[in-house]
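Biologist: I have a chain here that I'd like to walk through. Can you take me over the fold in plain terms?
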Amino acid sequence: MIQTRYEVVRRREIAPKTVHLAVRAPEIARKYRPGQFVIVRTHEHGERVPLSLAGSDMEEGLIYLLVQAVGKTSGEIHDLAVGDAFLDVVGPLGRPTPIAEYGTCVLIGGGFGVGALQPIATALRDAGNRVIAILGARQRSLVLLEEETRALCDEVYVTTDDGSHGRKGIVTDVLREIIERAPVHFVMAVGPMLMMKAVSELTRPHRIRTLVSLNTIMVDGTGMCGSCRVVVGGQTRFACVHGPDFDGHLVDFEAIRQRNAMYLAEEREALERRRAEMEESCQVAALAGQTATARQSSTPKES
Ligand SMILES: Cc1cc2nc3c(=O)[nH]c(=O)nc-3n(C[C@H](O)[C@H](O)[C@H](O)COP(=O)(O)OP(=O)(O)OC[C@H]3O[C@@H](n4cnc5c(N)ncnc54)[C@H](O)[C@@H]3O)c2cc1C
Ligand code: FES
């Protein structure tokens, strides 16, 4: 049976412009593996955007999404209320993260990447690994899912750029110390491209297996449109079907940065349009409120 209504069942604002959503999607909840993602659309004229699966509840038939509003469509998703629904949710897409008994694993999350790390941490723990997490953010209010991560991992470190929570600094400062202290067998980074690049550069000389989850521009998610093209080990790969996880030591990060920058003007334009639409609807609502108040005050009171 084709599901036609992907209802938001729970919604939690966990940081500024950041929501954790539980969405009814029993088929996806049943099939998905850690590391996979979905492509969602909120309405008929909406853009398709990829979102990592941040976990699921098979019994309740729910998938979890952690969404940061950075532009037009993610802003629309952020604004969905409980009871609203996505028009479509396609997935699970991409290859699952390879889970094995590696030994000591260090998972590094920044921004929405912390969501994807939740099911990966669970799977690695279940496979018998020692799991250490490092969560990085600019400031305290932007540290995501810290408590939830602590419940899943053996050790958790937090870094903030301004030192307002955890340790002042960046995730690679902590990773360097962990590597110097004891053997690390597997590293996975999910977050901003610059962070994933820095993590890969740090682990390269130590020859530690390092995976990064590439958040390139995606459109169809099926390997047909080519928009998620990346170069890995000198070969062209499509992040949606060959990834999103790749060997960080082989990824050409500079080529990705250049491709992602190609759409900056269009993205800015779309965001400005949405802001203008929202302002207009607020003005209409305010005007409607004023008219209603004026009507009430001009209506003679019953005696
Ligand atoms: C595999 C994968 C998993 C992702 N998981 C999450 C997640 O769990 N939570 C989350 O908040 N975000 C996630 N993203 C990023 C999310 O898809 C973008 O933030 C979203 O598409 C932005 O759209 P927009 O219209 O709001 O912003 P825009 O103004 O259009 O763009 C803002 C930024 O988002 C990126 N972006 C824009 N369009 C796309 C697109 N079609 N595909 C990918 N990136 C795009 C660009 O880097 C751009 O600079 C993921 C991306 C990928 C590829
Ligand atoms: S999103 Fe179209 S080929 Fe990957």
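Modeller: One term before we start: a residue counts as buried if 20 or more other C-beta atoms lie within 10 Å of its own. Also, this is a predicted model.

Biologist: Fine. What share of the residues is buried, then?
Modeller: Of the 303 residues in the protein chain, 40% are buried.

Biologist: And how many helices and strands are there?
Modeller: The protein chain has nine helices and 17 strands.

Biologist: Which strands form the open sheet?
Modeller: The order is β5-β6-β2-β1-β7, five strands with antiparallel pairing. At the edges are β5 (56–57) and β7 (85–86), each of which pairs on one side only.

Biologist: How many bridges join β2 to β6?
Modeller: Seven, between β2 (residues 18–24) and β6 (residues 62–68), and the two run antiparallel. Threonine 18 has glutamine 68 in β6 as its bridge partner.

Biologist: Switching to β10. Does it run parallel or antiparallel to β11?
Modeller: Parallel: six bridges join β10 (residues 130–137) to β11 (residues 155–160). Alanine 133 is opposite valine 156 in β11.

Biologist: What do β10, α4 and β11 make together?
Modeller: A right-handed β-α-β unit, in which α4 covers residues 146–152.

Biologist: What about β11 and β12, parallel or antiparallel?
Modeller: They pair in the parallel sense over two bridges, with β12 at residues 167–168. There, threonine 159 stands opposite arginine 167 in β12.

Biologist: Last one. Of the contacts between residues at least 6 apart in sequence, what share joins residues at least 24 apart?
Modeller: In the protein chain, 64% of those contacts do.

Key:
Residues are numbered from 1 along each chain as its sequence is written. Chains are lettered from A and ligands numbered from 1 in the order in which they are written. This is a predicted model: local features need pLDDT of at least 70, side-chain atom pairs count only at pLDDT 80 or more; totals for chains, interfaces and linings use all residues. Helices (H or I, at least four residues) and strands (E, at least two) are DSSP runs, numbered from the N terminus. A residue is buried if 20 or more other C-beta atoms lie within 10 Å of its own, exposed if 12 or fewer, and partly exposed in between; C-beta atoms are placed from the backbone. Two residues are in contact if their C-beta atoms, placed from the backbone, lie within 7 Å. Two strands pair if DSSP finds at least two bridges between them. A crossover is right-handed if, with the strands pointing away from the viewer, the path from the first strand over the helix to the second runs clockwise.
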